[in-house]
Amino acid sequence: MKKILLVVKREFITRVKKKSFIIMTVLTPILFACLAIVPTLIAQIKSDKEKVIAVLDDSGLVAGELKNAGTIKFVNEIKPIDSLKNSLLKDDNYAVLHIEKSEENEIGNITLYSEQAVGVDVLSMITAQIKILAAQIKLKEYDISVEQIAQVLNPNLNIKTIRLDEQGNEKASDTRALMGLAMICGILIFFIVLMFGIQIMRGVIEEKSSRIVEIIISSIKPMYLMLGKIIGVALVVLTQIFIWIILFGIIIFVAQSQFSDIVSQLQSYVGAVSFTKMLVCFIIYLTLGYLLYASLFAIVGSAVDNESDTQQLQTITGVPLMIGYCMMIIVSTQPDNPLAFWGSMIPFTSPMVMLARIPFGVSWFEIIISMTVLLATFVLFTWIAARIYRVGILMYGKKASLKELIKWLKYKK
Amino acid sequence: MILRTENIVKQYANHLALDNVSIEVPQASIYGLLGPNGAGKTTLIRIINQITAPDSGKVYFDGHKLQETDVYSIGYLPEERGLYKKMKVGEQAMYFARLKGLTKHDAEKSLRKWFEKFEIQAWWNKKVEELSKGMAQKVQFIVTILHNPKLLIFDEPFSGFDPINVNLLKTEILNLKKQGSTIIFSTHNMASVEEICDYITLINKSKNVLSGQIDEIRHNYGDNVFEIDYRGETDKLMENIGNNYQVLDSGEQKFFRKIKVKAITKETGNALISRIIKDAEIINFNEIIPSMNDIFIKIVEDDK
């Protein structure tokens with residue numbers, strides 16, 4: 001037991017001390033924060049310089065109706081278009097908007113002249129304004145007010161979703177938000193399991209290819225070495241997630257104004273039963289799912305000599321994980337699909353699929369069965385992995401096939 | 001006997017790695033484990049280290065049946081050996097020492113002592129990838145012997161060392177023997193076997209084909225060939241020797257004559273001396289004892 005702790009400590013410390021770990025841990029939240037904050041910041045630091053657009057309106061319908069927006073200012077002109085075009089090149093006007101005359105009460109061709117390319121935001125702003133004007137002109141013809149149209153197009157409807165529990169009590173539920181959260185959790189599980197599973201595989205290959213392993217297993221049983229590695233990496237995962245949560249907390253706290261939406265949403269979740277259920281399930285499924293796949297990746301690592309040989313076996317390990325990921329996406333839109341039930345029971349996919357089902361209501365009974373199956377499979381596979389591992393780590397010079405792995409499983413010791 | 005194996009059998013999927021192998025390793029001796037590649041030496045060593053278990057047969061260590069805690073009393077330097085490349089030398093040595101049951105304090109204390117002895121203190125904070133192969137081997141050697149094990153197992157310990165370091169290592173191995181450690185020594189280098197081993201076992205094709213004290217074995221494999229330098233008449237000498245001997249070689253040097261003979265029926269050197277001493281002055285008398293190299297090749301070739 002003391003020896004496992006030594007292995008855990010080594011695995012943990014060497015990984016946490018790595019530059020890549022520190023960079024990943026610190027940079028990820030900052031990167032996310034940047035993605036959220038930077039666009040708003042950029043919008044704020046836009047130049048304050050006024051951009052004047054000269055409007056020559058031959059139809060007489062638009063001029064005077066265009067509203068200035070941001071730094072864009074519309075100025076009506078009556079000079080002929082050619083002189084406006086000429087002056088555009090000379091003076092500071094940003095663009096010239098020419099609206100041709102068509103039939104009565106009808107906006108004709110519109111042309112925007114400019115020296116530099118006009119930004120998409122400016123173009124769409126002008127288009128939107130003119131569209132509304134055109135619509136208003138038409139509506140006036142039919143004698144309908146804009147408000148009336150708005151009522152027709154956007155009737156004030158609000159669908160409340162209320163779930164009945166077993167006692168027939170009503171509970172308001174906002175499934176959409178929870179669904180989003182479930183997807184995030186599921187995706188996190190997928191990536192964490194894959195990323196750290198591969199780390200374990202690499203660790204095993206490192207020990208094998210640099211021939212350390214025989215020195216170590218003359219002091220410690222291979223099974224304990226493997227467990228120590230799996231637990232050590234698990235602690236790394238948990239540390240990273242813990243630091244992320246803290247950093248996200250700090251970022252959200254510091255830039256509260258930017259995240260007011262998220263903060264208020266989070267506040268509305270915390271304390272809700274389904275949120276707690278989700279959090280508990282996330283942590284348990286993440287841990288168990290990781291442990292199960294970790295032992296599979298340990299087998300892959302022990303079966304090969306170097307990383308380039310892992311392709312075939314890595315695929316066999318990765319496919320169930322991918323299937324689980326796809327199932328999760330399907331289940332999030334079709335919770336009644338039979339796939340949902342079986343996917344959330346089969347241990348290789350259940351960590352992700354079950355999380356996707358939780359927002360739609362899953363009884364604790366089902367969850368506990370699914371977790372028990374997952375736990376049992378993890379124990380079984382760790383046992384299998386340990387048996388293959390202890391043979392595999394001493395086999396040099398050949399890439400083992402699946403058939404050989406099964407043969408190793410049967411070795412006595 | 002510090003170590004005794006009894007009728008060890010180990011079967012792998014399609015070949016028999018060890019076939020009824022028994023060895024007895026006396027305390028405070030250096031015991032050579034010899035044999036061609038693939039003969040089963042490494043399997044036997046792994047069984048002693050409890051890395052694998054035999055299918056049948058028993059291993060006794062220090063008077064009791066080999067048990068899990070015995071790993072603390074055994075030091076093992078495998079043939080295929082390495083270190084974590086990205087870890088610092090000191091940290092890594094501490095890790096291995098602690099896996100062998102030393103406390104943090106003891107591990108550091110004796111590591112510092114050995115680093116000083118090998119003059120490698122400056123490496124403590126270096127990463128292993130910065131070391132040369134020979135340097136890394138030194139670190140591995142220290143890690144192997146650090147916990148003062150009763151039994152040390154070295155598998156090809158000298159590979160990768162320059163002659164100066166080979167000498168350093170030999171001296172340390174002999175020192176360890178003096179201090180009461182027992183050393184099992186597996187190698188293909190027969191010259192070093194003759195130099196430092198007290199006993200040997202030769203394993204060929206999964207079987208123990210030859211075991212015993214090294215001088216005894218070499219004498220037993222002697223072909224009764226003698227080399228004599230003498231002054232005197234050759235004819236007279238030949239007459240005295242009689243028909244019992246076959247002359248392999250003879251020659252004339254500036255001040256003496258040389259002859260090499262082989263006894264057809266077994267006879268001691270003394271008997272031969274008494275035959276020739278009457279009429280010749282013996283300058284040099286030598287029984288030619290086969291080298292371990294010759295014995296090794298002879299046994300393995302004959303077994304084919």
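Visitor: At roughly what angle do the axes of helix α11 (residues 311-333) of chain A and helix α13 (residues 350-357) of chain A cross?
Guide: Helices here are DSSP runs (H or I, at least four residues; strands are E, at least two), numbered from the N terminus. Axes are lines fitted to C-alpha atoms, for helices over the stretch in contact, with angles from 0 to 180 degrees between N-to-C directions. The axes of α11(A) and α13(A) come within 8 Å, and the crossing angle is roughly 10°.

Visitor: What kind of model is this?
Guide: Residues are numbered from 1 along each chain as its sequence is written, while chains are lettered from A and ligands numbered from 1 in the order in which they are written. Local features need pLDDT of at least 70, side-chain atom pairs count only at pLDDT 80 or more, totals for chains, interfaces and linings use all residues, and the model is predicted.

Visitor: Are α11(A) and α13(A) parallel or antiparallel?
Guide: Angles under 35 degrees count as roughly parallel, over 145 as roughly antiparallel, 65 to 115 as roughly perpendicular and the rest as oblique. The pair crosses at roughly 10°, so α11(A) and α13(A) are roughly parallel.

Visitor: Which residues of α13(A) make the contact?
Guide: Two residues are in contact if their C-beta atoms, placed from the backbone, lie within 7 Å. From α11(A) come A:G324, A:Y325, A:M327, A:M328, A:V331 and A:S332. Their partners in α13(A) are A:M352, A:V353, A:A356 and A:R357.

Visitor: How many nonpolar residues has the contact of α11(A) with α13(A)?
Guide: Ala, Val, Leu, Ile, Met, Phe, Trp, Tyr, Cys and Pro count as nonpolar, Asp, Glu, Lys and Arg as charged, and the others, Gly among them, as polar. On that basis the contact has two polar residues and one charged residue, and the nonpolar ones number seven.

Visitor: At about what angle do helix α1 (residues 2-16) of chain A and helix α8 (residues 222-254) of chain A pack?
Guide: The axes of this pair are 8 Å apart. α1(A) and α8(A) are oblique to each other, as the packing angle is about 40°.

Visitor: How many charged residues has the contact of α1(A) with α8(A)?
Guide: Among the residues making the contact are A:K3, A:E11 and A:R15 of α1(A) and A:K229 of α8(A). By class there are 12 nonpolar and three polar residues, and the charged ones number four.

Visitor: At roughly what angle do the axes of helix α2 (residues 89-99) of chain B and helix α3 (residues 104-117) of chain B cross?
Guide: The axes come within 9 Å. The crossing makes α2(B) oblique to α3(B), at roughly 125°.

Visitor: Which residues of α3(B) does α2(B) meet?
Guide: α2(B) brings B:A93, B:M94, B:A97 and B:R98. The contact divides into five nonpolar, no polar and three charged residues. On the α3(B) side are B:K104, B:A107, B:E108 and B:L111.

Visitor: Which element gives the largest share of the side of chain B that touches chain A?
Guide: The contact takes 22 residues from chain B and 18 residues from chain A. The chain B side has 12 nonpolar, three polar and seven charged residues. Its largest share, four residues, comes from α2(B).

Visitor: What ipTM does the predictor give the complex?
Guide: Chain B averages a pLDDT of 89, and 100% of its residues score at least 70. For the complex, the pTM is 0.74 and the ipTM is 0.80.

Note on methods:
pLDDT is the predictor's confidence in each residue, from 0 to 100.
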